[in-house]
Amino acid sequence: MPDEDREVDFTDDDAPLLPEQTSDDTAAGWGERSATDSNDHRLIEDRPPHWD
């Protein structure tokens, strides 16, 4: 059956054609770490004495 003869049902309005956001458009997709992976707490504890 050729594509031009195929019947397509457009009545399903609930299903999105494209996602709102792709996986490569996220922080993880750009290679960034999440806030839970942060080591800021360790860096603050290990700061040199002359920073006090």
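In the predicted model, Glu7, Asp9, Asp12, Asp13 and Asp14 together form a negative surface patch. Of these residues, Asp14 is located in the segment that precedes α1, the helix spanning 40-45. Asp14 counts as exposed, because its relative accessibility of 73% lies over the 50% cut-off for that class.

With regard to the overall fold, the protein chain contains 1 helix and 0 strands. Of its 52 residues, 0% count as buried, a class that requires a relative accessible area under 20%. The accessible surface of the protein chain amounts to about 5,700 Å², and 51% of this area belongs to carbon and sulfur atoms.

The structure holds 1 salt bridge, in which Arg42 is paired with Asp46 and the closest N and O atoms are 3.5 Å apart; this separation is within the 4 Å limit applied to such contacts. The two partners fall into separate accessibility classes: Arg42 is partly exposed, since its relative accessibility is 43%, whereas Asp46, at 52% relative accessibility, counts as exposed.

Methods:
Residues numbered from 1 in each chain as written. Predicted model: local features only at pLDDT ≥ 70, side-chain atom pairs only at ≥ 80, totals over all residues. Heavy atoms only, no water. Patch = residues over 30% accessible without salt bridge, like charges linked within 9 Å, V, L, I, M, F, W, Y side chains within 5 Å. Areas by Shrake-Rupley, 256 points an atom, 1.4 Å probe, with all protein chains shown as cover. Salt bridge = Lys/Arg side-chain N within 4 Å of Asp/Glu carboxyl O. Lys, Arg positive; Asp, Glu negative; His and termini not counted. Charge placed at Lys NZ, Arg CZ, Asp CG, Glu CD. Helix = DSSP H or I, 4+ residues; strand = E, 2+ residues; numbered from the N terminus. Buried < 20%, exposed > 50% of the residue type's maximum accessible area, 1.4 Å probe, protein only.
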